[in-house]
Amino acid sequence: MGCGLDRFGGTDHIVFMAQLDLQIIPVTPFAQNCSLLYDKDSREAVLIDPGGEAERLQSVLKDLDVTLKEIWLTHGHLDHAGGAQELRDTFGVSVIGPHKDDQFWMDDIELHWANYGHAGMGRNVVPDRYLEDGDVLELAGVHFTVAHTPGHTPGHVVIYNQKMKIAFVGDVLFRGSIGRTDFPKSKHQDLLNSITQKLWPLGDDMRFIPGHGPMSSFGQERKDNAFVADHIIGTAGPNTTGVA
Ligand SMILES: [Zn+2]
Ligand SMILES: [Zn+2]
């Protein structure tokens, strides 16, 4: 959550990987970028952050003739995790991630949707497995690395593939902006550290899918992001601070 309610529906089909294909499906009134990642040959698929509209996601899976293998979550906010339980019930797949420190968010998804006036949009969920920094996820033989990136939420993770130059960053970083830190257990300095010490070292050419809005690259954000461009916070790369 954290963006406007103006974009609802539609899908973007992005082809940029040799073996895997990616479809971005904005879901919920928050227009959260759910990513459907699938292998072109085996048709095995994962959904990253199916925040809601589980029925619409099911019909996309069906239209593409792909088989859902797992659900991966970047963090526990309602618009990212709210559809996971229903999809798990339907397909019998595992929900993996985020880090355990986000469980308190996932315990209150139903309450929070009701508070936003959308009761029934999502359900509480307890993942089958929490993620830790350095964990590796796999889809059809392609490996994705997990980075624990607290700040927006304490248990937020980023999932990336260095070779394909693609990162799923949830609400850590956006085109021109960064995640909100006015929630319980959010920490602005942790978010800045996560961005400069966990994301920037992955390279300027690393492209990312944010939780909301258009794609970008880390290099682009280091150039002109209003919050974390190099000229604003200094080149706080991996070597300039003592924080691990
Ligand atoms: Zn969000
Ligand atoms: Zn969020």
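Biologist: How many other C-beta atoms lie within 10 Å of Val93?

Modeller: Val93 has 19 other C-beta atoms within 10 Å, and is therefore partly exposed. A residue is called buried if 20 or more other C-beta atoms lie within 10 Å of its own, exposed if 12 or fewer, and partly exposed in between, with C-beta atoms placed from the backbone.

Biologist: What kind of model is this, and how is it numbered?

Modeller: This is a predicted model, in which local features need pLDDT of at least 70 and side-chain atom pairs count only at pLDDT 80 or more, while totals for chains, interfaces and linings use all residues. Residues are numbered from 1 along each chain as its sequence is written, and chains are lettered from A and ligands numbered from 1 in the order in which they are written.

Biologist: Back to Val93: where is it, and which residues does it touch?

Modeller: Val93 lies in the loop between helix 3 and strand 6. Helices (H or I, at least four residues) and strands (E, at least two) are DSSP runs, numbered from the N terminus. Leaving aside residues up to four places away in sequence, Val93 touches Leu68, Lys69, Glu70, Ile71 and Arg88. Contact requires that the C-beta atoms of two residues, placed from the backbone, lie within 7 Å. Val93 and Glu70 are 23 residues apart in sequence, with their C-alpha atoms 5.3 Å apart.

Biologist: Which residues of helix 3 are buried?

Modeller: In helix 3 (residues 84-91), the buried residues are Ala84, Gln85, Leu87 and Arg88. Seen down the helix axis, they fall within an arc of 165°, so they line one face of helix 3. That arc is taken from the directions from the helix axis to the C-beta atoms. An α-helix has 3.6 residues a turn, so residues three or four places apart point the same way.

Biologist: What do those residues pack against, and what follows helix 3?

Modeller: The buried residues of helix 3 pack against strand 4, helix 1, strand 5, helix 2 and strand 6. Helix 3 is followed by Gly92, which has a positive phi near 65°.

Biologist: A change of topic: why is strand 3 described as largely enclosed?

Modeller: Eight of the eight residues of strand 3 (residues 32-39) are buried, so strand 3 is largely enclosed by the rest of the structure. Gln32, Cys34, Leu36 and Tyr38 point one way, while Asn33, Ser35, Leu37 and Asp39 point the other way.

Biologist: How many bridges join strand 3 to strand 2, and how many to strand 4?

Modeller: Strand 2 (residues 20-27) runs antiparallel to strand 3 and is joined to it by eight bridges; Val27 stands opposite Gln32. Strand 4 also runs antiparallel to strand 3, with four bridges, and there Leu37 has Val46 as its bridge partner. Two strands count as paired if DSSP finds at least two bridges between them.

Biologist: In what order do the strands of the open sheet lie?

Modeller: Six strands form that sheet in the order 7-8-9-10-13-14, with mixed pairing. Strand 7 (136-139) and strand 14 (216-217) are the edge strands, each pairing on one side only. Strand 10 and strand 13 run parallel, joined by four bridges, and Phe168 has Ile209 as its bridge partner.
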